[in-house]
Amino acid sequence: MGGGWSSLIVASRYLIHQDSLPKLPVPELRQTCQRYLAVLEPLVSDEELEHTRTLVADFMVPGGVGERLQKGLERRARKMDNWLSDWWLQSAYLEFRMPVVVYSSPGVVLPRAEFQDRQGQMRYAAKLIAGVLDFKTKIDNGTLPVEYMVGKPLCMNQYYQILSSCRIPGPKRDMVVNHSLGKAPPTHVTVVHNYQFFVLDVYNSDGTPLTVDQIYMQLEKIWNSSLQTNKEPIGILTSQHRNTWGKAYANLIKDKTNKESVRAIQKSIFIVCLDAPMPRASDEMYRSRVAVQMLHGGGSRWNSGNRWFDKTLQFIIGEDGSCGLIYEHAPAEGPPIMSLVDHVVEYTKKSEMVRSPMIPLPMPQKLRFNITPETKKDIEKAKQNMNILVQDLEMKVIVFSHFGKNVPKSYKMSPDAFIQIALQLAYFRMYHVCCSTYESASLRMFRLGRTDTIRSTSMDSLRFAQAMDDPTKTSVEKVALLQKAVNAHRVYTDMVSGRGQAIDRHLLGLKLQAIEDLTSMPEIFMDTSYAVALHYSLSTSQVSAKTDCVMCYGPVVPDGYGVCYNSMQEHINFSVSAFNSCAETNAAKLARGLEEALLDMRALLEQTPKAKL
């Protein structure tokens with residue numbers, strides 16, 4: 001890869017771009033407090049709202065606790081690149097102790113590949129690895145084009161965090177290590193097959209990446225030397241509750257061989273999981289089955305042990321043509337992952353280059369593990385817990401084929417806002433109330449920006465949902481309410497992404513500032529309204545991709561839903577998840593309700609004369 005000169009150019013080009021980005025602002029205290037009360041209005045009773053109004057007024061008293069915390073935040077913002085990003089990484093991810101599987105890590109289902117056998121599986125895996133390395137070259141030599149949103153450049157930092165990085169469990173909090181920044185960046189990927197891990201060097205001694213053919217030959221060797229399936233699925237340990245895994249990890253790496261093997265996995269550029277075929281499913285069920293294969297591997301009898309869930313990126317290729325990936329969420333959000341996926345999918349479609357003369361390559365190194373009785377016990381416990389989780393997760397993936405972005409756009413409505421309002425309507429029809437809704441919004445217009453929350457539930461969305469099935473309302477009135485609801489959502493979205501003026505991270509910042517200052521916790525954060533506001537029964541995300549894929553994740557509360565969607569020009573891919581252990585939720589029913597809501601909203605617009613604006 002030649003001397004340090006090119007990397008210096010990259011560093012400076014990247015830094016010049018980063019330095020030109022604005023810092024994330026700290027919103028004004030009064031504005032956030034007022035917007036917080038507006039967010040609560042459709043969610044809590046009048047009495048609760050009255051009580052919260054009093055607490056908010058106390059909090060905002062001039063010279064009071066709110067003002068003191070606000071000044072602390074402003075000081076923090078002056079001396080840091082981003083006042084929020086480190087706090088967010090810690091509180092949202094590294095201190096979150098539930099398993100990363102289902103509760104945190106999203107999965108992505110790729111379009112079904114054309115193969116049905118191991119030769120096809122290896123060929124595809126080889127092309128995929130080459131495609132990721134091709135993308136890595138763009139990251140390494142700084143030719144990754146800067147992305148823009150409404151004409152403004154976005155922070156590209158997350159692209160530098162997704163390769164060669166890994167989460168490491170701790171007893172009370174985890175950490176993320178990024179090995180791409182060291183003196184000798186890793187040159188290998190980890191390949192897992194039949195629960196066995198291998199180090200596959202993907203660069204020649206002169207720094208050039210291996211060709212697709214060379215990678216294919218190496219994968220063949222790995223496959224042939226890991227045919228026995230009776231191995232202990234050591235990787236399933238990474239699916240446990242983080243404290244449990246932290247303890248098991250400390251035990252595991254007491255052994256020198258284990259420590260070296262684990263380190264090789266952590267340092268690798270990414271992981272490729274060569275999965276055994278899953279039970280067959282009908283075409284209608286196929287995507288939902290693949291979604292859970294990506295999210296958790298199907299349980300200990302199937303592919304859940306064929307993973308290392310702490311690794312930032314794991315590509316999963318089944319022998320039956322099912323393909324996708326799962327990523328550990330701490331270092332990055334969906335969009336950088338999806339642009340890597342778009343690149344790789346395009347790359348795998350290319351016809352192969354002329355075959356090069358084959359230089360025999362050394363056998364990929366198999367990673368050894370010495371399994372003590374204690375670790376064996378930990379593995380058994382992890383298997384049981386994983387199987388309980390697998391049984392509990394209901395996942396429904398649907399392709400809504402009636403229309404895509406084209407319909408809302410023809411009525412001059414934001415497609416994202418249109419889908420969010422449809423979701424509000426579907427939920428309202430099921431429960432006759434609305435709920436706290438989280439939609440992830442990017443803060444990448446700001447230096448080191450991650451996300452904030454678009455709150456899709458508003459008085460406007462509630463009024464529309466109530467009116468939609470009200471026979472006393474005319475269709476003209478309903479359309480007016482729909483337009484108002486869609487518009488309110490678009491305004492909130494712009495307030496978040498374009499201006500960094502949302503309320504959720506600001507309130508979190510004030511709360512964390514109070515903890516840091518060792519002051520007593522302000523009452524506004526001990527209030528039931530705050531708990532209601534943060535209980536996201538709908539956790540949603542639009543993850544756009546050029547590729548016809550869909551992302552999926554679990555609900556964030558026991559009685560909630562996880563809804564993710566990719567709206568294409570003429571269709572929309574949705575995933576809806578819920579827990580079977582909650583009698584009140586039903587993913588299949590909400591998915592059907594969402595389809596009906598979208599069709600009813602289109603019908604309403606079509607039959608109302610003045611709707612074509």
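Strands here are DSSP runs of E with at least two residues, and helices are runs of H or I with at least four, both numbered from the N terminus. I'm working on a predicted model, where local features need pLDDT of at least 70, side-chain atom pairs count only at pLDDT 80 or more, and totals for chains, interfaces and linings use all residues. Residues are numbered from 1 along each chain as its sequence is written, and side-chain values use heavy atoms, with hydrogens and water left out.

**Ser-567**

I started with Ser-567, which sits in strand S17 (residues 561-567). Buried or exposed? Ser-567 is buried, at 3% relative accessible area (buried is under 20%, exposed over 50%, partly exposed in between, with a 1.4 Å probe and protein chains only). Next I listed its contacts, meaning heavy atoms within 4.5 Å. Setting aside neighbours within four places in sequence, I found Lys-405, Ile-419, Gln-542 and Ile-572.

**Gln-542**

I followed that list to Gln-542, in strand S15 (residues 538-542). Gln-542 is partly exposed, with a relative accessible area of 27%. Its side chain makes a polar contact of 3.4 Å with the side chain of Ser-567. (A polar contact is a pair of N or O atoms within 3.5 Å; within protein, one must be able to donate a hydrogen and the other to accept it, and residues adjacent in sequence count only if both atoms are side-chain atoms.) Beyond four places in sequence, Gln-542 also touches Asp-416, Glu-439 and Tyr-565.

**The UniProt record**

I checked the unreviewed UniProt entry, which lists residues under "binding site", among them Lys-405, Asp-416, Ser-442, Arg-490 and Gln-542. UniProt positions are in the numbering used here, feature names are shortened, and annotations may be inferred rather than shown by experiment.

**Ser-442**

Ser-442 is partly exposed at 21% relative accessibility. A polar atom of its side chain lies 3.0 Å from the backbone nitrogen of Arg-444.

**Cores**

Last, I looked for nonpolar cores: sets of buried Ala, Val, Leu, Ile, Met, Phe, Trp, Tyr and Cys residues joined through side-chain atoms within 4.5 Å. The largest has 90 residues, and those with the most contacts inside it include Tyr-36, Phe-464 and Tyr-561. Helix H14 (residues 415-431) gives the most to this core, 11 residues. Another core, of 58 residues, lies apart from it and includes Leu-110 and Tyr-160.
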